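Q: Hi, could you walk me through this one? I'd like to ask a few quick things as we go.
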Amino acid sequence: MMQWFMLAIAVLIALLLIGLALYFLFPRKYESPASVAHSYDNWTRDGILEFYWGEHIHLGHYGDPPRRKDFRQAKVDFVHEMVRWGGLDKLPPGTTVLDVGCGIGGSSRILARDYGFVVTGITISPQQVKRAQELTPPDLPVKFQVDDALALSFPDESFDVVWSVEAGPHIPDKQRFAYELMRVLKPGGILVVADWNQRDDRQKPLNPLEKFVMRQLLDQWSHPLFASIEGFAEALEATGLVVGEVITADWTRATLPSWLDSIWQGIVRPEGIVRFGLIGLIKSLREVPTFLLMRWAFGTGLCRFGMFKAVRAARPVSAGETTHSIAVN
Ligand SMILES: C[S@@+](CC[C@H](N)C(=O)[O-])C[C@H]1O[C@@H](n2cnc3c(N)ncnc32)[C@H](O)[C@@H]1O
């Protein structure tokens with residue numbers, strides 16, 4: 001019995017070491033939108049991410065202060081919390097929504113099914129579009145297509161609402177991203193964005209440990225850059241297309257349990273090992289350091305979970321009418 005136990009521990013340590021070696025030797029650095037598409041195509045094709053994270057590739061909302069919750073329920077709750085926070089629950093059925101960086105369509109389907117919105121989801125990953133289409137019942141008013149958030153293929157003033165969850169860290173040019181999001185909104189339309197952000201380093205520069213951690217968080221998941229909450233709000237206002245001020249909120253506390261819950265999924269769902277085999281186990285283990293570093297970064301204030309709401313102006317707003325100047329971290 002003891003021998004089997006020792007053998008199991010030895011195998012686990014060996015797998016952890018292989019996972020760590022993969023982590024350091026083969027990072028998935030951002031190179032271009034194509035490298036992001038490649039990463040998401042791979043993560044979608046093997047099905048591991050969907051198995052553990054479900055149809056929502058975003059953090060959960062656990063309440064504030066956070067309560068214990070089922071991981072997947074917390075993700076569904078996140079979408080409804082974001083709808084309420086953005087005031088979208090007051091909009092009539094038939095409202096048109098663009099979901100920018102839609103993943104495999106988790107949010108898009110809720111917006112269509114529970115709120116009656118007509119949704120277009122775009123992602124840079126062709127595999128995600130294929131999977132999103134497979135997961136969407138034909139009677140839901142949702143369609144998906146490949147598109148680049150930095151050069152959206154839609155004309156100006158196309159949608160009543162633009163929605164984006166956790167796509168921003170993959171996007172290098174935050175000012176261009178902000179402009180594209182606002183450009184495709186109709187006058188009076190609402191933008192709601194949820195994103196991973198970095199502390200504003202103009203106020204308190206990153207120390208060497210924080211710089212090292214930030215580098216890992218960027219290079220492991222194909223991220224060129226995290227904006228700060230203040231910096232992205234300024235970028236939105238600098239588009240000249242925002243009525244008044246951008247409203248922001250910090251949801252770090254409500255979303256924080258998601259990181260350790262992500263690791264916990266691997267323990268409470270051991271059938272994943274049978275389904276994806278040894279390769280799947282190694283692939284999953286290699287993500288553990290990033291989950292732990294994310295937990296550390298969001299728990300210590302290096303990273304913050306930012307919410308943004310902006311209303312589209314009917315005419316371009318001059319610089320004097322906005323409260324911020326351009327400065328994006
Ligand atoms: C963390 S996932 C979030 C997915 C989805 N919003 C959700 O919450 O389930 C990031 C998404 O952003 C998309 N993305 C990244 N860069 C993009 C770009 N330049 N244009 C369009 N989508 C992009 C990815 O393909 C992926 O779907």
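A: Happy to! Ser 222 counts as buried, with 22 C-beta neighbours inside 10 Å; buried means 20 or more other C-beta atoms within 10 Å of its own, exposed means 12 or fewer, partly exposed is in between, and C-beta atoms are placed from the backbone. This is a predicted model, where local features need pLDDT of at least 70, side-chain atom pairs count only at pLDDT 80 or more, and totals for chains, interfaces and linings use all residues. Residues are numbered from 1 along each chain as its sequence is written.

Q: Where is Ser 222?
A: In the loop between helix 8 (208-220) and helix 9 (229-237). Helices (H or I, at least four residues) and strands (E, at least two) are DSSP runs, numbered from the N terminus. Ser 222 has a positive phi of about 60 degrees, although it is not a glycine.

Q: And what is phi for Glu 166?
A: Near 55 degrees, also a positive value in a residue other than glycine. Most residues other than glycine have a negative phi. Glu 166 lies in the loop between strand 4 (159-165) and helix 7 (174-183), and is partly exposed, with 17 other C-beta atoms within 10 Å.

Q: New topic: which residues come nearest the ligand?
A: Of the 24 residues around the ligand, His 58, Gly 101, Gly 103, Ala 149 and Ala 167 come nearest; a residue is near a molecule or strand if its C-beta atom, placed from the backbone, lies within 6 Å of it.

Q: Which helix gives the most to that shell?
A: Helix 2, with three residues.
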